[in-house]
Amino acid sequence: MLSISCQSRELVRRLSRSFTVAAHHKSHIRPTWSGSRSPTTLTISSRRWATSVTPHSTASDPAEAEAVRCLEQGTVKLEEGDVQAAKELYKRSAEIKKNASSLFNLGVTHYHLKEYDDAISAWKESIALQPSSPDAHTNLASAYIISPVPRPDLALHHLEIASSLSPEDPEIAFNHAAVLEATGKLEEALEKYKTSKEHGVERAAMHIRNVSAKILGKKVKQIGNADTTTAGSSDDKPT
């Protein structure tokens with residue numbers, strides 16, 4: 001079996017939701033993959049993310065207002081494709097008032113710029129402030145996979161958390177399955193692919209067939225090895 005480091009490029013291509021962008025307003029951006037290591041297009045999702053920077057936001061707090069302004073401007077810049085400007089604005093927002101949304105988005109810009117260690121740091125900080133975010137755990141897992149020194153163990157850890165937080169999310173299930181498959185956990189991968197397909201990810205069907213074939217091949221090989229061992233033992237017996 002190939003090591004995770006050899007498979008990381010292909011795995012990243014297959015991860016269906018590598019990251020999302022939290023925004024202060026009622027939408028967030030979901031970059032999509034088109035078969036390359038880096039995202040190429042941005043699409044707007046209507047799913048809500050952050051509605052405030054902190055649970056106790058107040059318009060009368062000047063620092064809070066400035067942090068929100070930087071957060072929103074950063075998202076505008078990212079939508080325009082100016083990732084560097086977005087990064088600076090998200091960083092400024094987090095410096096003014098540390099919050100999960102700005103740190104989450106900051107991680108996205110680092111990821112865009114292939115600054116994977118910085119993306120990991122930002123997402124870990126975001127999770128520390130908002131540990132119940134399945135997207136943050138999924139994104140962190142993607143960063144651990146694509147980083148120069150892949151950490152599939154940590155990727156699986158965060159995908160397990162993401163799956164527990166959002167057990168019926170088909171994209172998280174697909175991503176989880178892809179990493180499980182790459183690390184040789186075929187039976188677990190098969191179940192996650194099935195969950196993904198059951199909830200609408202049709203491309204999971206192909207992976208279900210592939211992993212099922214791998215499991216069958218593994219069983220056939222085990223039976224063959226067992227038969228060989230038994231035959232060898234019989235040959236050793238005195239007549």
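Which residues does the UniProt annotation "repeat: TPR" cover?

## The annotated repeat

According to the unreviewed UniProt entry, the annotation "repeat: TPR" covers residues 100–133. The model described here is predicted. In this model, the span of residues 100–133 is 79% helix and 0% strand, and its end C-alpha atoms lie 10 Å apart.

## Helices α2 and α4

Two packed helices are described by the angle between their axes and the distance between the axes. Helix α2 comprises residues 62–80 and helix α4 comprises residues 100–112. Their axes come within 11 Å and cross at roughly 25°. Angles under 35 degrees count as roughly parallel, and α2 and α4 are therefore roughly parallel to each other. The crossing in which α2 passes α4 is left-handed.

On the α2 side, the contact is made by L71, T75 and L78. On the α4 side, S101, S102, N105, V108, T109 and H112 take part. Sorted by class, the contact of α2 with α4 has 3 nonpolar and 6 polar residues, with no charged residues.

The structure holds 10 salt bridges.

## Helices α8 and α9

The crossing of α8 and α9 is left-handed.

From α8, the contact is made by P170, A173, F174, H176, A177, A178, L180 and E181. From α9, the contributing residues are L186, E188, A189, K192, Y193, T195 and S196. By class, the contact of α8 with α9 divides into 9 nonpolar, 3 polar and 3 charged residues.

Note on methods: Residues are numbered from 1 along each chain as its sequence is written. This is a predicted model: local features need pLDDT of at least 70, side-chain atom pairs count only at pLDDT 80 or more; totals for chains, interfaces and linings use all residues. Side-chain values use heavy atoms; hydrogens and water are left out. UniProt positions are given in the numbering used here, feature names are shortened, and annotations may be inferred rather than shown by experiment. Helices (H or I, at least four residues) and strands (E, at least two) are DSSP runs, numbered from the N terminus. Axes are lines fitted to C-alpha atoms, for helices over the stretch in contact, and angles run from 0 to 180 degrees between N-to-C directions. Angles under 35 degrees count as roughly parallel, over 145 as roughly antiparallel, 65 to 115 as roughly perpendicular and the rest as oblique. A crossing is left-handed if the near helix is turned anticlockwise from the far one by less than a right angle, and right-handed if clockwise. Contact means heavy atoms within 4.5 Å. Ala, Val, Leu, Ile, Met, Phe, Trp, Tyr, Cys and Pro count as nonpolar, Asp, Glu, Lys and Arg as charged, and the others, Gly among them, as polar. A salt bridge is a side-chain nitrogen of Lys or Arg within 4 Å of a carboxyl oxygen of Asp or Glu.
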